[in-house]
Amino acid sequence: IFQVFGRINIMAPQIKLTYFQIEGRAMATRLAFHIGGIEFEDHRMSFAEFGAARGTFPLAQLPLLEVDGKSYTQSSALMRYACALAGLEPEDKLVRLQAQEIAEILAEVQYKIPSHSDEAEKKRLREEYVENKLKKMLGFIDDRIAAAGTAHAVADTVTEADLMLTAMITTLKSGLFDHVDKDITDQYANITRAYKAVLELPAVKAYLDSRAS
């Protein structure tokens, strides 16, 4: 904090986000920073670089957010901090609850897709997960978005629900999870509408174009 001509000005925090080259668990946080026009260092590591330095990271995991030199972990917490800085937290507490509900479901959808060292068993587990859990959760979210009747997932502005939705769909469409239809979300009209609304935001377009080039 510094004083200029009798006024108190608050300096913007120095922010560094460290994650892998992929979008994954850092995408929602990255999008929040870009949408909000928040300056940050987007530090990306290869898996080999992380493996060599893993022991130096808190909890030996990524993503990691450094704010004025202090480190913080846990992707949901980092995303919500980014949303707070970017002005993406709904003022209405019930709308905030709705956004957080969807965000938490989406985190579970993405992060709990099963795996197995045996390919046949992995295929069985993932196909079972899609039929018994994934489709049910996507249907629930689609209904929630329809009921909100807003421009974005639960509000007329972007919330963490939209960020997590975009991150989850991006990960699925990348083909990262074999034996899971990468276009499975296309059959859910409201999810698709909310996803495309985020992609059409100028800041998001600019960011994704920069990554594609």
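Two strands count as paired if DSSP finds at least two bridges between them. Helices (H or I, at least four residues) and strands (E, at least two) are DSSP runs, numbered from the N terminus. The structure is a predicted model, in which local features need pLDDT of at least 70 and side-chain atom pairs count only at pLDDT 80 or more, while totals for chains, interfaces and linings use all residues. Residues are numbered from 1 along each chain as its sequence is written, and side-chain values use heavy atoms, with hydrogens and water left out.

Strand E3 (residues 15-20) pairs with two strands described here. With strand E5 (residues 64-67), E3 forms 4 bridges in the antiparallel sense. Lys16 has Glu66 of E5 as its bridge partner. Leu17 stands opposite Leu65 in E5. With strand E4 (residues 41-45), the pairing of E3 is parallel and runs over 5 bridges. Here Thr18 is partnered by His43 of E4. E3 is mostly covered, with 5 of its 6 residues buried. Buried means under 20% relative accessible area, exposed means over 50%, and partly exposed lies in between (1.4 Å probe, protein chains only).

E5 also pairs with strand E6 (residues 70-72), in the antiparallel sense and over 3 bridges.

Most residues other than glycine have a negative phi, and most peptide bonds are trans. Several exceptions follow. The loop between helix H2 (47-53) and E5 holds Arg54, Ala60 and Pro63. Ala60 has a positive phi, near 55°. The peptide bond from Leu62 to Pro63 is cis, with omega near 10°. Ala60 counts as partly exposed because its relative accessibility is 24%. Arg54 is also partly exposed, because its value is 45%. The Arg54 side chain reaches the backbone oxygen of Ala60 at 3.0 Å. Such a polar contact is a pair of N or O atoms within 3.5 Å; within protein, one must be able to donate a hydrogen and the other to accept it, and residues adjacent in sequence count only if both atoms are side-chain atoms. Gln74 lies in the loop between E6 and helix H3 (75-86). Its phi is positive, near 80°. Gln74 is partly exposed because its relative accessible area is 40%.

His152 sits in the loop between helix H5 (119-148) and helix H6 (160-173). His152 counts as buried because its relative accessibility is 9%. Neighbours within four places in sequence aside, His152 is in contact (heavy atoms within 4.5 Å) with Thr157, Val158, Asp162 and Ala197.

The largest pocket holds about 280 Å³ of space. Its lining has 13 residues, and those closest to the centre are Tyr19, Ile22, Arg25, Tyr111 and Leu176. On a 1 Å grid over the protein atoms alone, a pocket is an open set of points with protein on both sides within 12 Å along at least five of seven lines, and lining residues have an atom within 4 Å of a point. Grid points are joined across faces, edges and corners, and the volume is the space filled by probe spheres set on the points. E3 and helix H4 (93-111) each supply at least two lining residues. The lining divides into 9 nonpolar, 3 polar and 1 charged. Ala, Val, Leu, Ile, Met, Phe, Trp, Tyr, Cys and Pro count as nonpolar, Asp, Glu, Lys and Arg as charged, and the others, Gly among them, as polar.

Key: 1 Å grid on protein atoms, 1.4 Å probe; cavity = no way out; pocket = protein on both sides within 12 Å on 5 of 7 lines; lining within 4 Å.
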